Amino acid sequence: MKKRLLSVLLSATMIAAVLAGCGSTGGSSSQDTTTPAEETPADDEAADTATGDDANAGTDANAGTETTPADGAGAATGDAATGVEGLDIGVCIYNFADNFMTLYRTELERYLTAGGASVTITDGKNDQAEQTNQIQNFITEGVDVLIVNLVQSSAAEQITDQCAAANIPVVFINREPDDAEKERWTTEGIKATYVGADARQSGTFQGEILLSTANKGDINGDGKVSYVMVQGDPENVDAQCRTEFSIKALTDGGMTVEEVDKQRGDWDQARGQEIVANALTNHGEAVEVVFCNNDAMALGALQAIEAAGRVVGEDIYLLGVDALTEALQNVIDGKMTGTVFNDHFGQSHAAAQAAADFAAGKDLETLIGVDYIKVTQENAQEILDLVQ
């Protein structure tokens, strides 16, 4: 019921439009090897599901494949995908160990099978060669539609061409192919689309949350906001956008900013802790704000902040992205300034609808967007209640 309610509440945020890429960030390539919400398990609940404890039917741990036959049990409640009954859908996830993508794939599988689809999900194990082989197997088996969370966005052209040659539509999720590739789908009439959120929005929301504080991030009153940036992967377009647009929101809001440190955290909690611990040791009270490209790194940053005797909301601010359960609780408790809800319900449901539309012979936009949601103490409990 809670999932159904969340889907209804957030359906108005779903948009189908072509979104431009973010601006250049120091020449970084948009062809990525990781994605914005990607992180190793950061809390017990997420860790359990990420390591295969989600009790999905037909799990084959050795093969990295989960097969769930058509069920339809949820159809009576209306909380199920429409237009997918009888479809054979292959789903490729870049890495089952990723906690956000565990939430995503679990909801995607539930939603599709409740609508009567037969779903097989494979684990790419963060290896593009492994995933490419899995996709070829799906093509050989003759699935109706493929839903693909790429290991590397740079592999999109090859995979799209493989699917197009077999006349199998493909819905890319979470990792966005570049604009040139998406334009090619239109010009060549390829049945492909990308479903995801606009990372610029998540960065902007981080900055806006900080601007909503009493001192707008300038805790020591020296006229500038001095920050540490914990970046996921600088080659990842979503990490680039979150990094760029969080700071742009501050400068657009009239604040002067100072980058004290910026380090690559690879979406990992332990790296987040290490980076922030070093920054606080080296720069001390000069650090007023810690921006993290995802919540996993923010959870690590919080460990470092508390170990250094700093107090979030008093002498430092901390922001993340994803709205993981533990992060939401930290926002409620005042241990994090805020996070941004990366809506795995809205995204997975939109991906399922795109698969249904392709199977029905419809043409789709090359990008189907789902909005992020700002999370502060004012609404964190509401979001937590809905996602649990």
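Residues are numbered from 1 along each chain as its sequence is written, and side-chain values use heavy atoms, with hydrogens and water left out. Because the model is predicted, local features need pLDDT of at least 70 and side-chain atom pairs count only at pLDDT 80 or more, whereas totals for chains, interfaces and linings use all residues.

**Confidence**

- The predictor's confidence in each residue is given as pLDDT, on a scale from 0 to 100. The protein chain has a mean pLDDT of 85, and 80% of its residues reach 70 or more.
- Helices (H or I, at least four residues) and strands (E, at least two) are DSSP runs, numbered from the N terminus. Confidence is lowest in helix α2 (residues 44-50), with a mean of 35, and highest in strand β12 (residues 317-319), at 99.
- Residues 1-5 have pLDDT below 50, and this stretch has 12 contacts in the model beyond near neighbours in sequence; contact means heavy atoms within 4.5 Å.
- Residues 71-78 also stay under 50 in pLDDT, and the model has 12 contacts for them beyond four places in sequence.

**Nonpolar cores**

- A nonpolar core is a set of buried Ala, Val, Leu, Ile, Met, Phe, Trp, Tyr and Cys residues joined through side-chain atoms within 4.5 Å. Buried means under 20% relative accessible area, exposed means over 50%, and partly exposed lies in between (1.4 Å probe, protein chains only).
- In soluble globular proteins, nonpolar side chains tend to be buried together.
- The largest nonpolar core holds 35 residues, and Val230, Val276, Val290, Cys292, Ile305 and Leu318 have the most contacts inside it. Two or more residues each come from β9 (225-231), α9 (269-283), β11 (289-292), α10 (295-307), α11 (325-332), β15 (373-375) and α13 (380-387). The largest share, 6 residues, is provided by α10.
- A second, separate core has 32 residues, including Leu87, Tyr94, Phe96 and Val370.
- Cys292 is buried, with a relative accessible area of 0%. Beyond neighbours within four places in sequence, Cys292 is in contact with Gln206, Val230, Met297, Ala298, Ala301, Leu318, Leu319, Gly320 and Val321.

**Helix α8**

- Helix α8 (residues 237-252) has 16 residues and spans 21 Å from its first C-alpha to its last, close to the 22 Å expected at 1.5 Å a residue. That expected span is 1.5 Å times one less than the number of residues.
- Because 12 of its 16 residues are buried, α8 is largely enclosed by the rest of the structure. Among them are Val237, Cys241, Phe245, Ile247 and Leu250.
- The buried residues of α8 pack against α7 (199-211), β9, β10 (257-264) and β11.
- At the N-terminal end, Asn236 caps α8, with a side-chain oxygen 2.9 Å from the backbone nitrogen of Asp238. Just after α8, Gly254 takes a positive phi of about 90°.

**Cysteines**

- A disulfide is a pair of cysteine sulfur atoms within 2.5 Å, and by this rule the count comes to 0 disulfides.
- Cys163 is in no disulfide, and the nearest cysteine sulfur, that of Cys92, is 8.3 Å away. Cys163 is buried, with a relative accessible area of 0%.

- Most residues other than glycine have a negative phi, and most peptide bonds are trans.
- Asn174, although not a glycine, has a positive phi of about 70°. Asn174 is in the loop between β7 (170-173) and α6 (179-187), and is buried at 4% relative accessible area.
- Ala323, likewise not a glycine, has a positive phi of about 60°. Ala323 is in the loop between β12 and α11, and is buried at 7% relative accessible area.

**Two further residues**

- Arg310 is in the loop between α10 and β12 and counts as buried at 10% relative accessibility. Its side chain reaches the backbone oxygen of Asp315 at 2.8 Å. Leaving aside neighbours within four places in sequence, the contacts of Arg310 include Leu280, Glu285, Val287 and Ile305.
- Asn282 is in helix α9 and counts as exposed at 60% relative accessibility. The C-alpha atoms of Asn282 and Val260, which are 22 residues apart along the chain, are separated by 9.9 Å.

Notes. Polar contact = N/O pair within 3.5 Å; in protein donor to acceptor, adjacent residues only side chain to side chain.
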